[in-house]
Amino acid sequence: MPPILEVRDLRVEFPTRRGTLTALDGVSFDIAPGEVLGVVGESGAGKSMTGAAIIGLLEPPGRIAGGQILLSGKRIDNLPYEQMRRIRGREIGAIFQDPLTTLNPLYTVGRQLIETMQTHLPLSDKEARQRAIGWLEMVGIPAAAQRVDSYPHEFSGGMRQRVVISLALCAEPKLIVADEPTTALDVSIQAQIIALLKTLAREKRTAMMLVTHDMGVIAETADRVAVMYAGRIAEIGPVRSVVKSAKHPYSAGLMASIPPLDRKVDHLAGIEGSMPRLSAIPQGCAFNPRCAHVFARCRIERPELLETGSTRAACWLYDPASEKQAPEVMRHV
Amino acid sequence: MSETPVLVAEDLARYFDVSRPLLQRLLSREGRRTLKAVDGVSFEIPKGTTLSLVGESGCGKSTVARLVVGLYRPTRGRVLFEGIELEKARADAETRRRMQMIFQDPYASLNPRWRVQDIVAEPIRAFGMAEGAAALRERVGHLLTQVGLSPLDGEKFPHEFSGGQRQRISIARALSSNPDFLVCDEPTSALDVSVQAQILNLMKDLQQRLGLTYLFISHNLAVVRQISDRIGVMYLGRLVELAPAETLFTAPRHPYTRALMEAIPDLEMTGRQRIPVGGEVPSPISPPSGCPFHPRCPLADARCKAAMPALLAPMTQGDTVVACHAVEERRDPPPAPAGADQRIGTTAIAL
């Protein structure tokens, strides 16, 4: 099946007074219908930036400086604002972290749903209202027929996020970009929302890009995972391979840092140091100053995504040509 | 117990007045409204151990932290620091220096206009603990080294550091007055996971080396498991379960604790369908009657709706206390470790 979303060699730049910062560099991936791609990484890795570039809402002065974004085979990265506005909502739905700032506090949730649907679909007022109630029911809002006339402040945080999800889905988009959809919610609510997103994506065959820093959420929801580091994809592959046997030293370190719930450990692994600032990305592999397996080539040449068997990782350890230089073979390979 | 616990909280409560202004109240004929942020919480923390309080937002865990260091006065109940009433203890600078707090947000809790050395030196100056500039500088350098920074970092300003490094500065500041007791309010929740691991390791390490006692506040059960000796689970201003850390995870008793553990997404990926807790945390301004968890509880009956359960020790387990009628009446299913059904596989889901 052809992918719904294709991102090819995406590059995003921020011109500043002190020179141009490259926030995203050579990011490529695609998402098939009904597939959930998880995008993880620590703050500043560029995961939200990737989502913003796809929906065409990069904060200025950020701009797409290279590469292509294709939705169902058509380029959308170079469309004029008006055309992109029509695609947003109709073909790409967006869910953001904070449900309170996504909703307009002055309109009832029903009006917001109806307006969104009528912008994109030819519906009469009565039909649209009926559908709005149907959507609220589908996302699990009790007494939807009454609640449709409530204002956002009358809902609790979890219920608001449900409304936001129904808003993103109501024009039946082909792609959903969900940026930290459960981060602002408590765990008991988070589980409800994840379950809901997963079911809806499966049922409607919607492609979903799920951006989060919570590996637990990814492990439960995603089919494939992209791990980002300093504006690039460090590793991409099926969720089980990445979580259970990550190949890139950064993704392996990230997994090892997560405190386990089922046992107590004396010493958590962690990764020494922290992610470089955009203005000071080291030469070669961006991870090399923190990497335990670093060798000469990593400090000079930047690795592209290489096959590791189960995943693709941007790491010279997986290039047959660098085998002689590598000081040791990684233990978990 | 032979030794006095470092900290004792007895029936601690803190109410906030959230009434509307008088005129509006008169016009709409409303009474006063109080928010019972914390309502009758008791615990003790023995020397050199960590007690963690976990719960969802609004359960009152941060209010307890603030009550314990004296940032709020309790509406009811009292706090004893080494057997002395908190107010008396805090009147004495020598006792006051022995308790410190680490806050959640390392961006907001450091003065951006001060150099790191001044931030770390402030408690030392305030308590007059170093004679002369040379001694002060040496002490600050020592503290920065202790938390994994360089003494040269003292010259810099907070904005030159990453989130994890800033939290190290907060810890150095808290340690500068040689405290015995640290209250840590979500110290790692603003940090990335690889940095969180560094800070948790540092805190455990410091506890062992300096014999510190911690009250640790967090919403993250996995973090809490790594650092605690005992864990209290809070719901709507009350403790619903208080147990040794390992017992809480291997045999959680309260239905809320069980639900909370069930809800956490994990990395096991067995593909099992988890059953999320229905509903949401009710408003603490108008909490439900009886047990505050009863509207969401699968075991609730008439008694749960009518009467508030007290924290009792179930007969089967030595050190756990649970506030639940169902557990007291032994109506609850037998305790099972968190996530045990995963290991058994799909068969357990039939339960």
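How many Å separate the centres of domain 1 of chain A and domain 2 of chain A, taken over C-alpha atoms? I got 28 Å.

**Entry 1**

I took the bounds from the domain assignment, which gives 5–222 for domain 1 of chain A and 232–322 for domain 2. Then I looked up the contacts: 14 residues of domain 1 of chain A touch 10 residues of domain 2 of chain A. On the domain 1 side, β2 (19–31) and α9 (215–221) of chain A are the elements that give two or more residues. β2(A) gives the most there, with six residues. I also sorted that side of domain 1 by class and wrote down nine nonpolar, three polar and two charged residues.

**Entry 2: chain A against chain B**

Next I checked the contacts between chains. I found 36 residues of chain A in contact with 33 residues of chain B. Which elements of chain A give two or more residues to the side that touches chain B? They are α8 (187–204), α9, α10 (239–244) and α11 (249–257) of chain A. α8(A) gives the most, with seven residues. By class, the chain A side has 18 nonpolar, 12 polar and six charged residues. I see α9 of chain A turn up here, and it was also listed for the side of domain 1 that touches domain 2.

**Entry 3: a sheet in chain B**

I moved on to chain B and traced an open sheet of four strands, in the order β2-β1-β4-β5, with antiparallel pairing. β2 (34–45) and β5 (84–85) of chain B are the edge strands; each has a single partner, so one side of each lacks a neighbour in the sheet. Inside the sheet, I followed β1 (residues 7–17) of chain B, which pairs with β4 (residues 76–81) of chain B over five bridges in the antiparallel sense. Helix α2 (residues 61–69) of chain B packs on this sheet and touches β1, β2 and β4 of chain B. I noted an angle of about 115 degrees between the direction of α2 and that of β1(B). Which residue in β4(B) stands opposite B:Val8? I found B:Leu80 there.

**Entry 4: confidence**

Last, the scores. The model has ipTM 0.77 and pTM 0.83. Chain B averages a pLDDT of 86, and 91% of its residues score at least 70. Residues 338–351 of chain B fall below 50, though the stretch has 16 contacts in the model beyond near neighbours in sequence. Where pLDDT is low, the predicted coordinates should not be read in detail, so I left that stretch alone.

Notes
Residues are numbered from 1 along each chain as its sequence is written. Chains are lettered from A and ligands numbered from 1 in the order in which they are written. This is a predicted model: local features need pLDDT of at least 70, side-chain atom pairs count only at pLDDT 80 or more; totals for chains, interfaces and linings use all residues. Two strands pair if DSSP finds at least two bridges between them. Two residues are in contact if their C-beta atoms, placed from the backbone, lie within 7 Å. Axes are lines fitted to C-alpha atoms, for helices over the stretch in contact, and angles run from 0 to 180 degrees between N-to-C directions. pLDDT is the predictor's confidence in each residue, from 0 to 100. Domain bounds come from an automatic or database domain assignment. Ala, Val, Leu, Ile, Met, Phe, Trp, Tyr, Cys and Pro count as nonpolar, Asp, Glu, Lys and Arg as charged, and the others, Gly among them, as polar.
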